[in-house]
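Notebook open, structure loaded. I want to look up a few local things and jot them down as I go.

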Amino acid sequence: MAQAEVLPLDERIVQIANDEGNSDTIPALDSRWMKDVDFVSYQHPPVDLQDVAAYEEWLERTRFINEDLHWLLTQPHDKFWSQVVFDVSLHKLIDSYLESAPRPYDPIYNQLTLDARELQNEVHRRIFLTCVRMATHKESKENFLTPSIFGEIIYKNFIFDIPKLMDLCALYGQGNRQLLSKMVGNIFKQQPKYENDLREVISTVCEVFNGMLTQCGLDESLAPTKLTDQNPQKLNNISSLEFQDIIFYLVDVSYTLSSFIEIYPPARIYFHEANFCLRLATFYDLIVPSLTSALKTKEFEMPSTKLLLKNRLSLAKKQMLSIFYEILNYCCIQPILDKSSTDEKQQLETYIENYLQILALVISERRFIADYEGQYSIQNEISILRQTSAMIDETRLSFLQNAFDSSFSLFGKRNQPKGSKNAGGRCTPEGCVGNSEERLQAIDGKEKSTDNGSKFAQPENLVGACANPELESLICSVKELFPDLHDSFVHACLEEMDFNAEMVINSLLEDNLPPSLDQLDRFQPKEPSPPAPSSPPAPPSSPVHSVLDSRRNIFDYDEFDVFHRDTVDRTKIHKGKQDIAKQVDLNDKTDIRELKATYELYGNVDAATLYDKHLLEANLYEDEYDDTYDDNDAGLSVGDTHTDDLLALRPFTVPRALVNINQAKRNDIAGHNQQDNDSSSSDQDEPSFKKADNFIEDPAKLREQREQRIRSQRGGNRGWSAKEPATTDEKPVYDVKGRSKGQGQNHEVLHNRQWKEKHKGSRANHNRRALADRKRSKGFGLLGPMK
């Protein structure tokens, strides 16, 4: 028996009995199968959880929604689609949840209690399952819809539209990317009309950008405007609530667009065709610097609000840069990689030209390309282009790369170095040390995930703008030229100008500071920012082993080891060079008095010395004593010799190091007197006293001898005549005449002749041109025409 053919839901007809007893035929997809269920709309969790009434109302509403969604998911295929197509309250529920549900970056989720968080997760999961079931045209072999009819149903009944799909990607894109991508792709496949709607939405997004610029007092039109029309101070004049709404709205738009093109990659083609990259770069370059500058000077009631807005603004920057990168990579870079292995050279050149043209159009947005270069290096993309087989103008590539590098060096922010710290210069975004206040944070970090994969977490706090040593160095470099400025004002200037000391100095010299800095007091410290609210204590974790535990150093456990000692004697620590001259007292002769007694021992033989006194006389020696015959007996046996006889043969002589100074002087004087008395005697007679040896000569005599030696050497080298000795008063004589011809010349005459020949241009009348120029410079040349 053949099995009956199963019809799709849109072709089925159900017969039911009416009140008159006849049977009526009703389509399986009809409003009469809809149950009378009133789905309540969803509301955002209350911001103030201390408001018990609002909190209890939100809990009760969420429970009703959870129960109604559970009932809807349990309905059979025909009843489910009848309820989805014809129940308006269900559409309102889904729309309200997609608009008001907490996003993954919303911190309100972490503030809920455990029961409320579980209830929120359950509603979040069932909303997603409902949308997935509504986007599926075939559940089984028996329960399905005709694909073409399915596309018409979801399009005409507004079950799905482009804003809903974008909100679905923003809410569920992180934990359910694969399933959500398949779901959105099936919707676009079954109903191509959504592609036209997407093109309209792109133009609407551009209008949203223009509206935000207008609200901030900015204008991106190229038409000339009056100076009064541009109002950059409008952000400073609006209320804190409006300023907060602008940043929140910017984050919502950028995060939603980034999630949508990530989940559904073919949508990037439509954004590329609409020149969305250029509009996005212009919008980024206008609004981001203005919001960043206004946020620094804006005051808020809660101290944590400023930090929250700073994190949100950084997230918006990251998402906008990600949108630009994804579109550029999908529409240009990826096709280049795919076509490089084939022979389609013409298409390859087309993609390369599109890529270079986009970069050339956004090159004027310097802040945008600086941040883009900091997050996605253009050097990697240019290297891909150079590896292709297409003919590329190398000058064009070098121009674009230099433009990106110059913009990054002016407005860019270096990432944290991955290796050793480099000093100075900018090579790549990973080059030099330094952390950045505006560094873009990742949102896929430590987050709380639910059972269905959804995540609600606040992004991690940003890293400090600059390390303390580097910040102090920048402040000192500015204060070298402006010492009267306070450190806090210099710090604010560096923050405003991206920690570029050259820009700060240039702005101060030209008195061209931004309005946000011009209003600050330059000579008073800024008020300390109130402390951030204390976070709840973290749960106990396993102990973290520091690198200091395994550190080994030769200075471990010394008196200055701060890693093993809690206290260090700071009096022994001195920064810089110590002034030793202040610590020395020239009038203090204590050390000299202590050493005086030691030196006197060397000049007195009878006094106690540093050595044993009974060994002093036995160790006396004579430097010039001839010990040739000490070991050999020369006509005298050792046994017959006595000590006195040996002393008679060799008279006692005191070493010169131990001779009494006064005794030496007396011997010296006696020797001179003896020489005077015996002047009449012959020169062969020796004096009665030997002339004392000068152990330390007179310094004056040494200087005089050295001067005579130097004079004699100079006279010999310069060819002075030996017949007439040179003196300090006489001029040197250079003999260049020499002997007669044929008798030969000595070396001195030849040397003098060479010296004269070499230097003759500096004397006499040989340097006429230099003398003429000298005369003309003094005004004595060209006195008048010759008569």
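Predicted model: local features only at pLDDT ≥ 70, side-chain atom pairs only at ≥ 80, totals over all residues.

I started at the beginning of α20 (residues 501–510), where a side-chain oxygen of asparagine 500 comes to within 3.1 Å of the backbone nitrogen of glutamate 502. I count that as a polar contact, meaning a pair of N or O atoms within 3.5 Å; within protein, one must be able to donate a hydrogen and the other to accept it, and residues adjacent in sequence count only if both atoms are side-chain atoms. Helices here are DSSP runs of H or I of at least four residues, strands are runs of E of at least two, and both are numbered from the N terminus.

Residues are numbered from 1 along each chain as its sequence is written, and side-chain values use heavy atoms, with hydrogens and water left out.

Next I checked which residues of α20 are buried (under 20% relative accessible area; exposed is over 50%, partly exposed in between; 1.4 Å probe, protein chains only). I found Ala501, Val504, Ile505, Ser507 and Leu508. After the helix comes aspartate 511, with a positive phi near 55°.

Then I went to α13 (residues 303–339), which holds leucine 321. Leucine 321 counts as buried because its relative accessibility is 0%. Its C-alpha is 8.9 Å from that of leucine 280, 41 residues apart in sequence.

How many disulfides does the structure hold? I got 0, using a cut-off of 2.5 Å between paired cysteine sulfur atoms. Cysteine 277 is in none, and the nearest cysteine sulfur, that of cysteine 331, is 7.4 Å away. For cysteine 331, the closest cysteine sulfur is in cysteine 332 at 6.1 Å, too far for a bond. Cysteine 277 is buried at 5% relative accessibility, and cysteine 331 is buried at 9%.

Last stop, the strands. β1 runs antiparallel to β2 (residues 23–27), with 5 bridges joining them; pairing takes at least two DSSP bridges. I also noted that isoleucine 16 has aspartate 24 as its bridge partner in β2.
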